[in-house]
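Hello,

Here is the structure I promised to hand over. Please have a look, and then read on for what turned up.

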Amino acid sequence: MNERQFSRGEIVFVRDFPMGKPLKIYGKIVGFVGRDNYNVLMENGLQEGNMVTFNSWKLMSEKDAKWYFIEEQ
């Protein structure tokens with residue numbers, strides 16, 4: 001039951017709304033808060049360098065997000 005959707009060190013993209021398309025804003029998972037929340041060290045955007053807490057449904061893995069970006073071109 002302790003399976004997590006993301007692991008530490010994984011690059012994730014932030015979604016524009018829950019279960020929506022990914023924005024071009026990403027960060028690295030650095031920790032877990034509770035069951036479905038993750039601490040993300042932002043690597044670009046206005047929050048660059050800050051640690052922000054997100055729910056799992058607000059994040060998308062790098063490999064899934066790249067599929068969206070290829071489709072847009």
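Below are some notes on the fold, the surface and the charges.

This is a predicted model, so local features need pLDDT of at least 70 and side-chain atom pairs count only at pLDDT 80 or more, while totals for chains, interfaces and linings use all residues. Residues are numbered from 1 along each chain as its sequence is written, and side-chain values use heavy atoms, with hydrogens and water left out.

The protein has five strands and one helix, in the order β-β-β-β-β-α along the sequence. Helices (H or I, at least four residues) and strands (E, at least two) are DSSP runs, numbered from the N terminus. Along the principal axes, the C-alpha atoms fill a box of roughly 35 × 30 × 20 Å.

Of the 73 residues, 32% are buried; buried means under 20% relative accessible area, exposed over 50%, and partly exposed in between (1.4 Å probe, protein chains only).

Now to the charges. There are 10 positive and 10 negative side chains, and the centres of the two sets lie 3 Å apart. Lys and Arg count as positive, Asp and Glu as negative, with His and the chain ends not counted; each charge is placed at NZ of Lys, CZ of Arg, CG of Asp or CD of Glu.

The structure holds one salt bridge (a side-chain nitrogen of Lys or Arg within 4 Å of a carboxyl oxygen of Asp or Glu). Its partners are Glu62 and Lys66, at 3.7 Å, N to O. The two are four residues apart in helix 1 (residues 62-72), so about one helical turn separates them. Glu62 is partly exposed at 31% relative accessible area, and Lys66 is partly exposed at 44%.

Best wishes
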